[in-house]
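Please read them with the coordinates open.

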Amino acid sequence: DTTLSDATIKKIQDAQYQYKKCVSAEMQKPAQQELESRKATEAIMKQCEPVLSQMREVYLAEKVPGTIADRHLKQMRMQTTRNVLQGMMFSEAARKSGQQ
């Protein structure tokens, strides 16, 4: 089992924060609000993928095995995709109810 130092954990948390910040900023963009929620979610996730790649670099630089890094990133991507989709569906529903 890999034990991470406090400094490493902080770097990973910083990278996670940057990723969440990217996703959040993308969700606020008017262009994303115009799209159907699944398409918007796809676009948002694609836009922030480079930030997730940077997180992988942090893991590898800290000697975390690639398989563990990839599993964690995949988990994070799936969780975030779910959250984004829920948020975008909620926005879409709110917009549609406002249009009636």
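The points that follow take the helices, the core, the disulfide and the charged pairs in turn.

1. Basis. This is a predicted model, in which local features need pLDDT of at least 70 and side-chain atom pairs count only at pLDDT 80 or more, while totals for chains, interfaces and linings use all residues. Residues are numbered from 1 along each chain as its sequence is written, and side-chain values use heavy atoms, with hydrogens and water left out.

2. Helix α1. Helices here are DSSP runs (H or I, at least four residues), numbered from the N terminus. The 23 residues of α1 should span 33 Å at 1.5 Å a residue, and the end C-alpha atoms are 33 Å apart, which agrees. The expected span is 1.5 Å times one less than the number of residues in the helix. Buried residues of α1 are Thr8, Ile12, Ala15, Gln16, Tyr19, Cys22, Val23, Glu26 and Met27. Buried means under 20% relative accessible area, exposed over 50%, and partly exposed in between (1.4 Å probe, protein chains only). An α-helix has 3.6 residues a turn, so residues three or four places apart point the same way. The cover over the buried residues of α1 includes α2, α3 and α4.

3. Thr8. This residue of helix α1 counts as buried because its relative accessibility is 3%. The Thr8 side chain makes a polar contact with the side chain of Ser5 at 2.9 Å. A polar contact is a pair of N or O atoms within 3.5 Å; within protein, one must be able to donate a hydrogen and the other to accept it, and residues adjacent in sequence count only if both atoms are side-chain atoms.

4. Helix α4. From first C-alpha to last, the 34 residues of α4 reach 48 Å, close to the 50 Å expected at 1.5 Å a residue. Buried in α4 are Ala69, Leu73, Met76, Thr80, Val84, Leu85, Met88 and Glu92. What covers them includes α1 (6-28), α2 (30-34) and α3 (37-61).

5. Gly66. Helix α4 covers residues 66-99, and Gly66 lies in it. Gly66 counts as partly exposed because its relative accessible area is 24%. Leaving aside neighbours within four places in sequence, Gly66 is in contact (heavy atoms within 4.5 Å) with Arg56 and Leu60. The C-alpha atoms of Gly66 and Met76, 10 residues apart along the chain, are separated by 15 Å.

6. Core. The largest nonpolar core has 21 residues, of which Tyr19, Val23, Met55, Tyr59 and Val84 touch the most other members. The elements giving two or more residues to this core are α1, α3 and α4, and the largest share, nine residues, comes from α3. A nonpolar core is a set of buried Ala, Val, Leu, Ile, Met, Phe, Trp, Tyr and Cys residues joined through side-chain atoms within 4.5 Å. Not counting residues up to four places away in sequence, Met55 touches Ala15, Gln16, Tyr19, Leu73 and Met76.

7. Disulfide. The structure holds one disulfide, where the term means a pair of cysteine sulfur atoms within 2.5 Å. Cys22 and Cys48 form this link, with their sulfur atoms 2.0 Å apart. Cys22 lies in helix α1 and Cys48 in helix α3, so the pair ties together parts that are 26 residues apart in sequence. The link is left-handed, with -90° about the S-S bond. Both Cys22 and Cys48 are buried.

8. Salt bridges. Side chains of opposite charge can pair when their charged atoms come close. With a salt bridge taken as a side-chain nitrogen of Lys or Arg within 4 Å of a carboxyl oxygen of Asp or Glu, the count comes to six.

9. Arg77 and Glu49. The closest N and O atoms of this salt bridge are 2.8 Å apart. The pair links distant parts of the chain, with Arg77 in helix α4 and Glu49 in helix α3, 28 residues apart. Arg77 is partly exposed at 30% relative accessible area, and Glu49 is partly exposed at 27%.

10. Asp70 and Arg56. In this salt bridge the closest N and O atoms are 2.6 Å apart. Asp70 lies in helix α4 and Arg56 in helix α3, so the pair ties together parts that are 14 residues apart in sequence. Asp70 is partly exposed at 35% relative accessibility; Arg56 is partly exposed at 26%.

11. Lys29 and Glu26. Their side chains meet in a salt bridge, 2.8 Å from N to O. Lys29 is partly exposed, with a relative accessible area of 38%, whereas Glu26 is buried at 8%.
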